[in-house]
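Biologist: I would like to learn how to read the confidence and the pockets of a model. Please take me through them in order.

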Amino acid sequence: MEIMRYLKILKVSLSLFPLYIYGQGWEEVRSIDLAQNPSSYTVDYQGNIFLGFEDGKLLKYSAEGQVLENFSLSNYSSITSIDVQNNLKPFLFYFDNQRITILDRFSSVPKNYLLSDLDLEIGMAACPAPDGDFWIIENNPQRLKKIDPLLQTTVLEVQIQVGDSIKRIQAYQNILIIGSEEGMKILDQFGGVIQDLEINGFIDFQIDKGRLYCISNEEVIEINPYKGTVKKALANPSKNNALLKSNDLFLSLENKRITYYQLTE
């Protein structure tokens, strides 16, 4: 497959890539105060912002920062991760409760899946697969599993080593990306490792309009996942905090605030 051939080009640590536009600066556009710091966050393809919190609440903001939807269930723990590639059915993973919840337009009764019902011990991270299955990383020993939630069966299982701190796992077309403190692993649809990318100070990654953004505490590196090439790298204005791209702006999540930045020449 073309994407597999191109991704194999990425054989050098991302920290060694040249920094193309460090001459650009950041200009703060606006900010929004939050009641608490989010425990998880993501952005959909329309630029809408989804924030999950320790009390189990999920808020959906427009790209401009207006609250559009909210969701919460009693007795739920902190939302560990959010996946909104299907933004009508947000996928929520709760590590403490070992539960997956899939919403339906924030209105209907959500579907809940206990990992114990899916023949899993302790799930460290989870995300939806394009075919409706779940990708789940199980701990002790670490294994990557692909689960059919309807049949409650494991359809694929491979050994994997990703460390103890997984930042995000996300399926994108025919690849699976896992981000941890050590950096990123890019896998094929069968769980085979295509690339193992070491990134100093890795914080998170985001896919936006076919581009893969790697965020570390020093820089934001934009990669074309199809060609395995770096388009540009930016100094990270947020340093040790989350940074998201929403349309043409970058969002820093820190100190109970969303701060919007735009690049300046």
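Modeller: Start with pLDDT, the predictor's confidence in each residue, from 0 to 100. This is a predicted model, in which local features need pLDDT of at least 70, side-chain atom pairs count only at pLDDT 80 or more, and totals for chains, interfaces and linings use all residues. Residues are numbered from 1 along each chain as its sequence is written, and side-chain values use heavy atoms, with hydrogens and water left out.

Biologist: What is the average pLDDT of the protein chain?

Modeller: The average is 85, and 88% of the residues score at least 70.

Biologist: Where does pLDDT stay under 50?

Modeller: Over residues 1–22. Where pLDDT is low, the predicted coordinates should not be read in detail. A contact means heavy atoms within 4.5 Å; for residues 1–22 the model has 52 contacts beyond four places in sequence.

Biologist: How much space lies in the largest pocket?

Modeller: A pocket is found on a 1 Å grid over the protein atoms alone, as an open set of points where a 1.4 Å probe fits, with protein on both sides within 12 Å along at least five of seven lines; lining residues have an atom within 4 Å of a point. Grid points are joined across faces, edges and corners, and volume is the space filled by probe spheres set on the points. Here the largest pocket holds about 790 Å³. Its lining has 41 residues, with Tyr41, Thr42, Arg168, Asp204 and Phe205 closest to the centre.

Biologist: What volume does the second largest pocket have?

Modeller: About 500 Å³. Among its 26 lining residues, Asn86, Lys89, Ile102, Pro128 and Gly132 are closest to its centre.
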